Amino acid sequence: MADRPLSGPLPADLPEDWTSGQTIAPAGADVGLSEQHGYNYLMAAVNRAQQAVNTINEGFDAISVKQANRVVVGTSTAGWTEDDCDFLCDGTDDHVEIQAAIEASKEGDEIYFLSGTYMIDAPLEAKQNLIGSGTKETMLNFGQNCYSSDTCVSLTMSGTIENMTIACTTIDNSSEKDYYMIGFKGDSNHVSKVRLWPPSDGGSITCLEQVNYLSITKCRLCSVANKPDINANCFLVFCENYLEVGTSIQCYCYSGCVISGNSGYNPTFYISGTIDYGAISNNHLSSIDIDGMSGNSIISGNTFMSNRE
């Protein structure tokens with residue numbers, strides 16, 4: 001939160017023409033001076049100045065959360081009220097309020113989720129940035145029938161996802177397509193400090209169309225799926241993530257990738273495509289299966305572990 005713009009009381013309209021020997025009285029007129037020279041007037045001015053400071057600071061605190069380009073979503077199940085947010089969910093069909101928040105904001109704006117679990121039972125599509133209060137504070141929980149019949153994803157995104165957990169523990173997939181929780185469109189997309197928890201028969205992230213850039217950093221991937229958790233047909237930056245047991249990364253690249261600083265419990269990487277520029281470095285891995293990397297690529301400083309029971 002930003003610092004308050006005012007740090008103390010501000011006197012207003014106080015006289016600056018005092019002279020030696022003047023007497024202070026409750027009213028200035030009692031000693032032949034102006035009203036402003038009265039003790040009561042001086043104290044009232046000081047009090048009004050302090051009230052102004054409090055009002056400005058309280059307003060500034062509110063603005064720092066509720067910005068003109070930010071829509072705030074909360075849920076009553078976590079104790080939030082309508083005074084705390086722009087859209088208040090109640091733990092049932094929370095996609096209704098979230099969709100209203102999306103429609104009330106513009107592309108590139110921020111939708112900020114206060115702490116709580118949001119129960120979503122219909123697919124969502126957003127071109128806004130979705131920001132939570134932390135992976136242990138904010139969870140978007142997608143229901144088992146919550147995916148688009150066209151794309152077989154629950155959340156279609158173009159932008160940034162940050163500071164939350166996204167989960168779909170079970171999925172009733174009647175589609176012929178593989179299910180993914182998040183499908184990206186657009187030119188440049190980012191996922192940071194997000195815990196991804198897909199169902200056992202689904203993946204975490206895919207690209208629904210040819211995107212130019214996707215970065216996934218400082219995330220935690222939780223999966224026991226027998227299919228790729230990340231399916232990226234773009235330049236992929238995948239750095240400083242933690243992969244739990246069973247997690248695999250499959251990358252179809254048309255230009256390049258940077259995979260660096262990742263660790264976890266026996267993580268495996270499958271990388272294929274036309275990769276003109278690639279860097280795979282400083283990872284703690286179980287194995288790497290690479291197909292399609294050119295001579296412009298670098299593989300360096302990785303630690304390979306033996307499989308554990």
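**Figure 1. The salt bridge between Lys185 and Glu125 in the predicted model.** At 27% relative accessibility, Lys185 falls in the partly exposed class, and its partner in a salt bridge is Glu125, with the closest N and O atoms 3.9 Å apart. Because Lys185 sits in the loop between strand 10 (180-184) and strand 11 (188-197) while Glu125 belongs to strand 5, the pair ties together parts that are 60 residues apart in sequence. Glu125 is likewise partly exposed, its relative accessible area being 43%. The coordinates shown here and in the views that follow are those of a predicted model, and the contact counts as a salt bridge because the cut-off is a side-chain nitrogen of Lys or Arg within 4 Å of a carboxyl oxygen of Asp or Glu.

Figure 2. The structure holds three salt bridges, among them the one in which the side chains of Glu110 and Arg70 meet at 2.6 Å, N to O. This pair links distant parts of the chain, since Glu110 is in strand 3 and Arg70 in strand 1, 40 residues apart. Arg70 counts as buried, with a relative accessibility of 16%. A further salt bridge joins the side chains of Lys106 and Asp109, at 3.5 Å from N to O; here Lys106 is exposed, with a relative accessible area of 55%, whereas Asp109 counts as buried at 10% relative accessibility.

Figure 3. Within helix 2 (residues 95-103), the buried residues are His95, Ile98, Ala101 and Ile102. Viewed down the axis of helix 2, these buried residues fall within an arc of 120 degrees, so they line one face of the helix. Among the elements that cover the buried residues of helix 2 are strand 1 (70-75), strand 2 (87-89), strand 3 (110-113), strand 4 (116-120) and strand 5 (124-126).

Figure 4. Thr206 is part of strand 12 (residues 203-207) and is buried, with a relative accessible area of 8%. When residues up to four places away in sequence are left out of the count, Thr206 touches Val153, Tyr180, Ile182, Gly183, Phe184 and Asn231. For the wider setting of this view, residues 24 or more positions apart account for 45% of the contacts in the protein with a separation of 6 or more.

Figure 5. Ile24 is placed in the segment before helix 1 (39-65) and counts as exposed, with 51% relative accessibility. As a reference for this area, the protein as a whole exposes about 15,100 Å², of which carbon and sulfur atoms supply 48%, while buried residues make up 44% of its 309 residues.

Figure 6. Glu240, a residue other than glycine, has a positive phi near 60 degrees; Glu240 lies in the loop between strand 16 (235-239) and strand 17 (242-243) and counts as exposed at 51% relative accessibility. Asn282 also has a positive phi, about 55 degrees, although it is not a glycine, and Asn282 is placed in the loop between strand 22 (277-281) and strand 23 (284-285).

Key: Residues numbered from 1 in each chain as written. Predicted model: local features only at pLDDT ≥ 70, side-chain atom pairs only at ≥ 80, totals over all residues. Heavy atoms only, no water. Helix = DSSP H or I, 4+ residues; strand = E, 2+ residues; numbered from the N terminus. Buried < 20%, exposed > 50% of the residue type's maximum accessible area, 1.4 Å probe, protein only. Arc of directions from axis to C-beta. Contact = heavy atoms within 4.5 Å. Areas by Shrake-Rupley, 256 points an atom, 1.4 Å probe, with all protein chains shown as cover.
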